[in-house]
Amino acid sequence: LADRVKEDTLLYHRLMEEGLWGIEFTLNSRFGDGYRAASAGVGLWTDNLIGSADDVEARVHNQAFQNLFCSAVEAQAGRILKEFEPEVAWKCLQAAKEDYWFGKKRFEEKGMEQPVMWEHTLNSGRSQYYAAAAWAAASICLNGREREFVREAESFGRKLLACQETGTKGVPMKGFFYRDETHKTIVHVNHQGRDHSFVQALETLCRAFPDSPERGKWEE
């Protein structure tokens, strides 16, 4: 949002202040080895003192979807902060690259993991993993193309498109996504469905690689 309202100086700086708080919180919640403090539930007012009765333990996970999703967030922040806070931008981009490989390695080892109660990975299908990976790799390339991340982005982009309904089997509607390549179950769950993630990934691919031979397929 801040990137779109630069002409409104006061609003731009207020949004960047808010964004910096958020991205620093995101960076501080990662442990640099694939694990991160994913969430914490607090149902009472806090006195802001460590060691009192209102302290709660954060839920900590090493989960592919979380790492891929956060990688994209960090990469996007790195792009926006490049001129505003270059040191933080550099840190965001390094974290994005690390978290991408943590996420991909975990995905290759475990595949689509069982839902984790209370977490924002709940009920994510394989196609959402593809979307998160494509979005992350393409977002990293918006900061500067690196051959290995170009390959990753295009590869997961192809996997993502394989999960889309194209109308080839007589289905009266096309464009929506299934949970995986088998086209058996439509993505339609609770608020964790992340229906926007597919278009978000495809749009970022188009922006990151405007001269790619794959662009026509992404746009279609």
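**Exercises on a cavity and a buried aspartate**

By class, four nonpolar residues, four polar residues and one charged residue line the largest cavity; here Asp, Glu, Lys and Arg count as charged, Ala, Val, Leu, Ile, Met, Phe, Trp, Tyr, Cys and Pro as nonpolar, and the others, Gly among them, as polar. The model is predicted, local features need pLDDT of at least 70, side-chain atom pairs count only at pLDDT 80 or more, and totals for linings use all residues. Residues are numbered from 1 along each chain, and side-chain values use heavy atoms, without hydrogens and water.

**Exercise 1.** Identify the residues that line the largest cavity and the element that gives the most to the lining.

*Solution.* Step 1: a cavity is a set of points on a 1 Å grid where a 1.4 Å probe fits but cannot get out, and lining residues have an atom within 4 Å of a point. Step 2: the lining consists of Phe 65, Phe 69, Gln 128, Ala 132, Trp 135, Arg 194, His 196, Ser 197 and Gln 200. Step 3: two or more residues come from each of α2 (64-80), α4 (126-141) and α6 (197-208), helices being DSSP runs of H or I with at least four residues. Step 4: α4 gives the most, with three residues.

**Exercise 2.** Determine whether Asp 99 is buried or exposed, and find its side-chain polar contacts.

*Solution.* Step 1: Asp 99 is found in helix α3 (residues 86-110). Step 2: Asp 99 has a relative accessible area of 1% and is therefore buried (under 20%; exposed is over 50%, with a 1.4 Å probe). Step 3: polar contacts (N or O atoms within 3.5 Å, one able to donate a hydrogen and the other to accept it) join the Asp 99 side chain to that of Arg 30 at 2.9 Å and to that of Arg 36 at 3.2 Å.

Terms used
1 Å grid on protein atoms, 1.4 Å probe; cavity = no way out; pocket = protein on both sides within 12 Å on 5 of 7 lines; lining within 4 Å.
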